[in-house]
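Please look through the sequence and the structure shown below before reading on. The briefing that follows takes the chain as a whole and then turns to its strands and its cores.

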Amino acid sequence: MKAPVSWIREYVDLPAEVTTEALAARLTALGLKLEAIESPRDTITGPLVVGRVLTRDPEPQKNGKTINWCTVDVGDANGTGEPQGIVCGAHNFDVDDLVVCVLPGGVLPGNFAISARKTYGHVSSGMICSAAELGLSGEADGIIVLPADAGRPGDDAFAVLGLDDEVIEFEINPDRAYALSLRGVAREAALAQRV
């Protein structure tokens, strides 16, 4: 069972000074078996920002693949305020869509470092990300397209995607089936405050 700490806090009035580690220790003392504490910021570093697609030009390649040469507004996140030129192989987005971009200097899960590099005849200065590339799912059906009101170009995408939240993962024994729900874990967290 994976329980985001912010979600537990929605059910239980935990003191602000209670850390994720302290909460996990208290829940373990009550019988929930801790598997892991996950924080996306441990596997994704650097500038991960909201971008607005300004242009998207499909370019067929000799290998039969069609790539998109895009310009993306990333606000002041790149230090210049100028749009980024990014090559993208996905096709599930269009001009004016808000997307998630990692800029040069960022590192994605698997220690995949992002830099400006020449590919398909263009210098791609970053990457428009899919959920799989961010470690959010095992499959990619294209890049992440954000709702129109998700933010402005240059905004921190960690907050927009909820990636700034730590997640506690528990192994749930059969006699603790109630802890297979967030409300069950929250109930245990409330009890842990009294211990």
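**Briefing on a predicted protein chain**

Residues are numbered from 1 along each chain as its sequence is written, and side-chain values use heavy atoms, with hydrogens and water left out.

**The chain as a whole**

- The protein chain has 4 helices and 13 strands, where helices (H or I, at least four residues) and strands (E, at least two) are DSSP runs numbered from the N terminus.
- Along its principal axes, the C-alpha trace of the protein chain spans about 65 × 35 × 30 Å.
- Of the contacts (heavy atoms within 4.5 Å) between residues at least 6 apart in sequence, 66% join residues at least 24 apart.

- Strand β6 (residues 98–102) is largely enclosed by the rest of the structure, because 5 of its 5 residues are buried.
- Both faces of β6 are covered, with Leu98, Val100 and Val102 buried on one side and Val99 and Cys101 buried on the other.
- Strands count as paired if DSSP finds at least two bridges between them; strand β3 (residues 48–60) runs antiparallel to β6 and is joined to it by 5 bridges, and Val99 in β6 is the bridge partner of Gly51.
- Strand β12 (residues 145–146) pairs with β6 in the antiparallel sense over 2 bridges, and here Leu98 stands opposite Leu146.
- Strand β11 (residues 127–128) also pairs with β6 in the antiparallel sense over 2 bridges, with Val102 opposite Met127.

**Nonpolar cores**

- In soluble globular proteins, nonpolar side chains tend to be buried together.
- A nonpolar core is a set of buried Ala, Val, Leu, Ile, Met, Phe, Trp, Tyr and Cys residues joined through side-chain atoms within 4.5 Å; the largest has 18 residues, and those with the most contacts inside it are Ile8, Leu23, Leu27, Phe170 and Val185.
- At least two residues of this core come from each of α1 (5–11), α2 (20–29), β13 (167–171) and α4 (182–194), and α4 supplies the largest share, 4 residues.
- A second, separate core of 16 residues includes Leu48, Leu98, Val102 and Cys129.

Conventions: Predicted model: local features only at pLDDT ≥ 70, side-chain atom pairs only at ≥ 80, totals over all residues. Buried < 20%, exposed > 50% of the residue type's maximum accessible area, 1.4 Å probe, protein only.
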